[in-house]
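My notes follow in the order I looked things up.

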Amino acid sequence: MAASHGSGEIPVLGFGTLIPDPLTTAQATKAALEVGFRHFDCAERYRNEQAVGDALQEMLKAGAIRRKDVFVTTKLWNNNHRPERVKSAFDASRQRLQVDYVDCYLVHTPFAFQPGDEQEPRDERGQIIYDSEVTLLQTWRALESLVDEGQCRAIGLSNVNLEKLQEIVEAARIKPAVVEVESHPYLPEWELLEYCQQHGIVLLAFAALGHAMEPRLLDDPVIVAIAQRLGKTPAQVVLAWAVQRGTAFLTTSVKPSRIRENFELSPLPKDAMQEIRNGVATNIRFNSVVETGVPGFIPRSR
Ligand SMILES: NC(=O)c1ccc[n+]([C@@H]2O[C@H](COP(=O)([O-])OP(=O)(O)OC[C@H]3O[C@@H](n4cnc5c(N)ncnc54)[C@H](OP(=O)(O)O)[C@@H]3O)[C@@H](O)[C@H]2O)c1
């Protein structure tokens with residue numbers, strides 16, 4: 001399955017690499033490639049691009065996959081928003097991932113932090129130091145140049161609201177191909193999805209299973225009832241819903257059996273789609289990164 005983003009295609013089933021430990025990251029990435037995932041979501045902020053790159057290289061060298069069949073996304077972190085820092089941040093990610101080109105490069109959040117090596121620069125009171133000298137549009141222009149230079153196939157945004165997205169779409173020379181935001185039945189983002197669909201932008205849903213946080217989406221009575229009726233797992237119901245309503249999704253597991261489960265999807269009947277839309281009562285955002293630029297869940301270890 002692939003969703004179109006104007007000039008190219010992105011595999012709808014995406015595997016996220018926000019995994020704290022590099023060895024586990026490499027093992028999970030390899031397991032995901034083996035079950036058939038062809039879309040990998042990375043970030044300089046996750047501090048494990050090297051491990052993802054090692055797993056990709058191992059599978060490429062073994063002839064198990066071809067580079068052109070894998071879609072690799074990575075992201076620019078908040079301390080690198082100044083236009084003059086973008087190219088070197090991009091090249092460093094590309095080198096750690098060990099790829100000649102990146103399929104998609106995203107601005108990880110619309111918040112610029114003080115430029116420098118520190119990913120979370122803080123003042124003496126522990127407050128994040130933001131950078132008011134650079135706008136998101138200036139950063140976007142630098143991403144457009146990366147596309148011109150040929151080592152970046154598509155660009156996009158993450159953790160933006162509709163208003164910010166519209167601002168960039170209206171001013172952009174190269175439009176965002178992908179918008180990566182938290183989305184699941186507890187945060188469906190219908191309005192944002194409608195805008196994306198009108199503009200040929202792929203909405204890529206992260207935390208598609210609710211990040212295993214409370215209240216647990218996979219224990220929701222509506223989801224559980226549908227899963228039991230259809231002989232699927234709750235995760236398979238939620239992920240099939242994501243695909244059928246027109247988004248791409250990211251999910252992450254370090255367990256091979258769950259990685260397989262999350263890839264083996266089949267369509268839901270129409271009434272199940274309606275039941276999820278109308279029957280799920282909880283509404284919650286799990287990750288506050290969209291409000292501050294500070295991630296709700298990020299590996300702290302190196
Ligand atoms: N752009 C951003 O700011 C941003 C922010 C957050 C995440 N992301 C991306 O989105 C990806 C996915 O996010 P996420 O980690 O929140 O994903 P998620 O898939 O919603 O949650 C992952 C959690 O669910 C568990 N899980 C996975 N499959 C399961 C299954 N079939 N049944 C029961 N539990 C299951 C995992 O545990 P086990 O590992 O133990 O199976 C893990 O604890 C990340 O890796 C990252 O690439 C992006």
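**Pocket**

I began with the largest pocket and asked which element gives the most to its lining. Helix H9 does, with three residues. Before going on, I noted that this is a predicted model, where local features need pLDDT of at least 70, side-chain atom pairs count only at pLDDT 80 or more, and totals for chains, interfaces and linings use all residues. Residues are numbered from 1 along each chain as its sequence is written, and side-chain values use heavy atoms, with hydrogens and water left out.

I wrote down what a pocket is here: on a 1 Å grid over the protein atoms alone, an open set of points where a 1.4 Å probe fits, with protein on both sides within 12 Å along at least five of seven lines. Lining residues have an atom within 4 Å of a point. Grid points are joined across faces, edges and corners, and a volume is the space filled by probe spheres set on the points. Helices (H or I, at least four residues) and strands (E, at least two) are DSSP runs, numbered from the N terminus.

The largest pocket has a volume of about 840 Å³. It is lined by 36 residues, and the closest to its centre are Ala207, His211, Ala212, Thr251 and Thr252. Strand S10 (248-251) and helix H9 (256-263) are the elements that give two or more residues to the lining. I sorted the lining by type: 18 nonpolar, 11 polar and seven charged. For this sorting Ala, Val, Leu, Ile, Met, Phe, Trp, Tyr, Cys and Pro count as nonpolar, Asp, Glu, Lys and Arg as charged, and the others, Gly among them, as polar.

Phi of Ala207 is near 55°, a positive value in a residue other than glycine. Phi of His211 is also positive, near 55°.

Is Ala207 buried or exposed? It counts as buried because its relative accessibility is 12%; the cut-offs are under 20% relative accessible area for buried, over 50% for exposed, and partly exposed in between (1.4 Å probe, protein chains only). His211, at 35%, counts as partly exposed.

I also looked at Pro215, in the loop between S9 and H7. A cis peptide bond joins Glu214 and Pro215, with omega about -10°. Pro221 is in helix H7 (residues 221-230). Pro221 is exposed because its relative accessible area is 62%. Its C-alpha atom is 8.3 Å from that of Val280, 59 residues apart along the chain.

**Strands**

In a regular strand the side chains alternate between the two faces of the sheet. I checked S9 (residues 202-206) and found five of its five residues buried. Val202, Leu204 and Phe206 point one way, Leu203 and Ala205 the other.

S9 runs parallel to strand S8 (residues 178-182), joined by five bridges. Two strands pair if DSSP finds at least two bridges between them. Which residue of S9 is the bridge partner of Glu180? The partner is Leu204.

Strand S3 (residues 13-16) is covered on both faces: Leu13 and Phe15 on one side, Gly14 and Gly16 on the other, are buried. Three bridges join S3 to S10 in parallel, and Leu13 stands opposite Phe249. S3 also pairs with strand S4 (residues 39-41), parallel, over two bridges. There Phe15 stands opposite Phe40.

**Core**

A nonpolar core is a set of buried Ala, Val, Leu, Ile, Met, Phe, Trp, Tyr and Cys residues joined through side-chain atoms within 4.5 Å. The largest one has 90 residues, and Tyr105, Leu143 and Leu165 have the most contacts inside it. Helix H8 (residues 234-244) gives the most to this core, with eight residues.

I followed Leu165. Not counting residues up to four places away in sequence, Leu165 touches Leu157, Val160, Pro176, Val179, Leu192, Tyr195, Cys196 and Ile201. Contact means heavy atoms within 4.5 Å.
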